[in-house]
Amino acid sequence: MLYLVGLGLGDASDITLRGLEAVRRCQRVVLEAYTSVLAASVEELEAAYGVKIEVADREFAEQRVDEDLLASAESEDVAFLVVGDPFCATTHSDLQLRAAQRGVEVRVVHNANILTSVGVCGLQLYRYGECISLVFFTETWKPDSFYDKLKANRERGLHTLCLLDIRVKELTVKALCGGKKEYEPPRYMSIQNAIQQMLEVEESRQEGACGKDVMCVGVARMGQRDQKIVAGTMCELLEVDMGPPLHSLIVCGEVHETEKEVLDLFKASCSR
């Protein structure tokens, strides 16, 4: 049996009772550590849950899921812990499919996630368009596929949730070229990084999908005790210190009056 267990967004205490029961029932517990991070160390999770936890990095996901994780789940109960909800990342849909192909039963325990928690800022969830992801630009690689989705959402008056890049335990160029295994330092995209890249693409494309005067909402560390929410134009948010990761950005579409009343609580001049 494979249990996909959502941990929520905060710390070790955010797991549901059903999730905790599943974790304690399993002979093996693995924490997914490549699509998001939790405000708790592995040691804190182990102390709270009363189990030993293995950590799965991106290399594990790409090379060892079938021969290791799913092979174990054929003969014993295995819990795969995911920050937020198990199905906010397409990676885990693939894991569910692979398990089914091997005849492994899957049970899912859902939890809070970024897609719903952003409702606190006042923008109504049913008025969001397609979610987009932003990755770190390099000198030679500046993907702008997000731009067309953002433009389509804005033309329909819909809000856009932007998920920002997380690079944890990524191989260096030297390692990719066949040298010894070494990793880049962890990097987490900030709201300022995201806006700068979006404005760079806008300057190139000039199709009006975004701009310095476009209203946005920056959110940081959602679900944690020190979560921060700030509403302002792109230009204003460039000057706001949102603190430590993780950050996400919402580009507003048409803002209704009831939405505006709540957004006003989080304006850059009176943010909380």
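Buried means under 20% relative accessible area, exposed means over 50%, and partly exposed is what falls in between, with a 1.4 Å probe and protein chains only. I start there because glutamine 206, at 63% relative accessibility, counts as exposed.

Before going on, the provenance. This is a predicted model, in which local features need pLDDT of at least 70 and side-chain atom pairs count only at pLDDT 80 or more, while totals for chains, interfaces and linings use all residues. Residues are numbered from 1 along each chain as its sequence is written, and side-chain values use heavy atoms, with hydrogens and water left out.

Back to glutamine 206. This residue lies in the loop between α9 and β10. On naming: helices (H or I, at least four residues) and strands (E, at least two) are DSSP runs, numbered from the N terminus. Glutamine 206 has a phi near 50°, which is a positive value in a residue other than glycine.

Arginine 221 also has a positive phi, of about 55°, although it is not a glycine. Its place is the loop between β10 and β11 (228–233). Is arginine 221 buried or exposed? Arginine 221 is buried, with a relative accessible area of 6%.

One more backbone feature. Proline 245 and leucine 246 are joined by a cis peptide bond, with omega about 5°. Leucine 246 sits in the loop between α10 and β12.

Now the helix packing. Axes here are lines fitted to C-alpha atoms, for helices over the stretch in contact, and angles run from 0 to 180 degrees between N-to-C directions. Helix α7 (residues 145–155) packs against helix α9 (residues 191–205) at an angle of about 85°, and their axes are 11 Å apart. That makes α7 roughly perpendicular to α9. For the wording, angles under 35 degrees count as roughly parallel, over 145 as roughly antiparallel, 65 to 115 as roughly perpendicular, and the rest as oblique.

Which residues make the contact? From α7 they are Phe146, Tyr147, Asp148 and Leu150, and from α9 they are Met198, Val201, Glu202 and Arg205. Contact means heavy atoms within 4.5 Å. By class, the contact of α7 with α9 has 5 nonpolar, no polar and 3 charged residues. In that scheme Ala, Val, Leu, Ile, Met, Phe, Trp, Tyr, Cys and Pro count as nonpolar, Asp, Glu, Lys and Arg as charged, and the others, Gly among them, as polar.

The second pair is helix α4 (residues 65–73) with helix α5 (residues 90–101), packed at an angle of about 70° with axes 11 Å apart. α4 and α5 are therefore roughly perpendicular to each other. Their crossing is right-handed. A crossing is left-handed if the near helix is turned anticlockwise from the far one by less than a right angle, and right-handed if clockwise. Val65, Asp66, Leu69 and Leu70 in α4 meet Leu95, Arg98 and Ala99 in α5. The residues of this contact of α4 with α5 divide into 5 nonpolar, no polar and 2 charged.

Next, the cores. A nonpolar core is a set of buried Ala, Val, Leu, Ile, Met, Phe, Trp, Tyr and Cys residues joined through side-chain atoms within 4.5 Å. The largest one has 28 residues, and those with the most contacts inside it are Leu134, Cys162, Met198, Met234, Leu237, Leu249 and Val251. Two or more residues each come from β6 (132–134), α7, β7 (160–164), α9, β10 (215–220), α10 (234–237) and β12 (247–251). The largest share of this core, 6 residues, is given by α9. Apart from it lies another core, of 22 residues, among them Ala22, Val23, Tyr49 and Val109.

What does cysteine 162 touch, not counting residues up to four places away in sequence? The list is Ile132, Leu134, Met198, Ser248, Leu249 and Val251.

Last, some single residues. Alanine 56 lies in strand β3 (residues 54–56) and, at 0% relative accessibility, counts as buried. Leaving aside neighbours within four places in sequence, alanine 56 is in contact with Val30, Leu31, Glu32, Ala33, Tyr34 and Phe80.

Glutamate 43, in helix α2 (residues 42–49), is exposed, with a relative accessible area of 55%. Phenylalanine 266, in the segment after α11 (257–263), counts as buried at 6% relative accessibility.
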